[in-house]
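Please open the model in a viewer and keep the selection tool at hand.

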Amino acid sequence: MDFSGKNLLRIRGMTRGELEGLFKAADRMAPVAREKRGLKSLDGQVLANLFFESSTRTRFSFDTAMLRLGGSVIGFSGGAGTSLDKGESFEDTIKMVEQYANGIVIRHPEPGAAARAAEVASIPIINAGDGHNEHPTQAILDTYTISREKSLDGIKVLITGDLKYGRTVHSLAYALSLFDSVELQLFAPPELSFPQEILDEISGKVKITQLDSFDVSSADVVYATRIQKERLANPADAKEYVYRIDAATMEEMKPDAMLMHPLPRVGEIAEAVDSDPRAAYFREAANGLPVRMALLEEILG
Ligand code: CP
């Protein structure tokens, strides 16, 4: 595994060995993250966090990861106050920021934006979510979270919600396809179904089952997602796709299942479920920190 100086644009194309190497590196970072300690491995380095789209977890965990490794952070949220306001192009913005930073983390509403940045930058670009395309660091932390509690080989994962525009599940499907005997169960409204081109790519590697009802009874992991209303042609349509996982749903789940969600949740999971040990979404989010510390050290260290 050699991530040194490389871009991380997508999970598609990664190997199982690379993912598992990152899991081991994240294990080494976990006590540092948990105990809120600091290291010096990226002392003197600067990370630019360019968030053209809103974020809580990804932005602040990248900020914190860099600071805990002894580095510094610059960046913006939304781009207001930068020369983008004056009409400076995306490419010129990247070419300027690379003069100041050792690496760039970028979230953008446009699919392929991180790859566009990588075309003009000579420093590593990390994709923190590009439109409905991919969210690779989320898939690394998601599979890391599963791997700490279950074997990824032979896992049965039910993915539900917005499978069309939910970039986390696209990256997750690619990541799961690197493991043996995985079954992917899909349940979504027809308008929000999983992109066929991704299914075509992974269908030889995982068993894909399209469910015709929300049957959580056989899944080892239930992975729920938010309806991405900001990506719908008519955001008001989002209310037609609302669903809710509550105590009754948990009754139907296996006693040792995991309930995951990349967050934010906007009604998909009842707060009453949070105290159920199978509710894994907050420990999933917490794992974002050691995983991103591991990634930054591998790429910039
Ligand atoms: N999971 C995730 O990407 O959350 P944020 O949008 O808050 O970064």
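A salt bridge is taken here as a side-chain nitrogen of Lys or Arg within 4 Å of a carboxyl oxygen of Asp or Glu. The model is predicted, and a search of the whole structure finds 20 salt bridges.

**Salt bridges between loops**

Select D220 and K254 to begin. These two residues form a salt bridge in which the closest N and O atoms are 2.8 Å apart. The pair links distant parts of the chain: D220 sits in the loop between β7 (207-210) and β8 (221-224), and K254 in the loop between α8 and β9, 34 residues apart. D220 has a relative accessible area of 13% and is therefore buried, the limit for that class being under 20%. K254, at 27% relative accessibility, counts as partly exposed.

Next, display R16, E20, D153 and D180. Salt bridges that share partners join these four residues into one network.

Then select D256 and K150. Their side chains meet in a salt bridge, with an N to O distance of 3.7 Å. This pair also links distant parts of the chain, 106 residues apart: D256 belongs to the loop between α8 (247-252) and β9 (258-260), whereas K150 belongs to the loop between α5 (136-149) and β5 (156-160).

**A salt bridge within a helix**

Move to helix α2 (residues 57-68), which holds both D63 and R59, four residues apart, or about one turn of the helix. The side chains of D63 and R59 meet in a salt bridge (3.7 Å, N to O). Both D63 and R59 are buried.

**The parallel sheet**

Now colour strands β5 to β9. Five strands form an open sheet with parallel pairing, in the order β7-β6-β5-β8-β9. Strands β7 and β9 are the edges, each pairing on one side only. On average, neighbouring strands of this sheet are turned by 20° against each other, direction ignored.

Select Q185 to find one partner: its bridge partner in β7 is T209.

**A nonpolar surface patch**

Switch to a surface view and select I74, M96 and Y100. Together they make a nonpolar surface patch of about 300 Å². I74 is placed in strand β2 (residues 72-77) and is partly exposed, with a relative accessible area of 36%.

**Backbone geometry**

The last stops concern the backbone. Most residues other than glycine have a negative phi, and most peptide bonds are trans.

Select L263 and P264. The peptide bond from L263 to P264 is cis, with omega near 5°. P264 lies in the loop between β9 and α9 (281-286), and L263 is likewise found in the loop between β9 and α9. L263 has a positive phi of about 65° although it is not a glycine. At 11% relative accessibility, L263 counts as buried.

Finish at S181, in the loop between α6 (167-176) and β6. Is S181 buried or exposed? S181 is exposed, with a relative accessible area of 62%, and its phi is near 55°, a positive value in a residue other than glycine.

Methods. Residues are numbered from 1 along each chain as its sequence is written. This is a predicted model: local features need pLDDT of at least 70, side-chain atom pairs count only at pLDDT 80 or more; totals for chains, interfaces and linings use all residues. Side-chain values use heavy atoms; hydrogens and water are left out. Helices (H or I, at least four residues) and strands (E, at least two) are DSSP runs, numbered from the N terminus. Buried means under 20% relative accessible area, exposed over 50%, partly exposed in between (1.4 Å probe, protein chains only). Two strands pair if DSSP finds at least two bridges between them. Axes are lines fitted to C-alpha atoms, for helices over the stretch in contact, and angles run from 0 to 180 degrees between N-to-C directions. Patches are made of residues with over 30% relative accessible area and no salt bridge: like charges are joined within 9 Å, nonpolar side chains (Val, Leu, Ile, Met, Phe, Trp, Tyr) within 5 Å. Accessible areas come from the Shrake-Rupley method with a 1.4 Å probe; for residues, only the protein chains shown count as cover.
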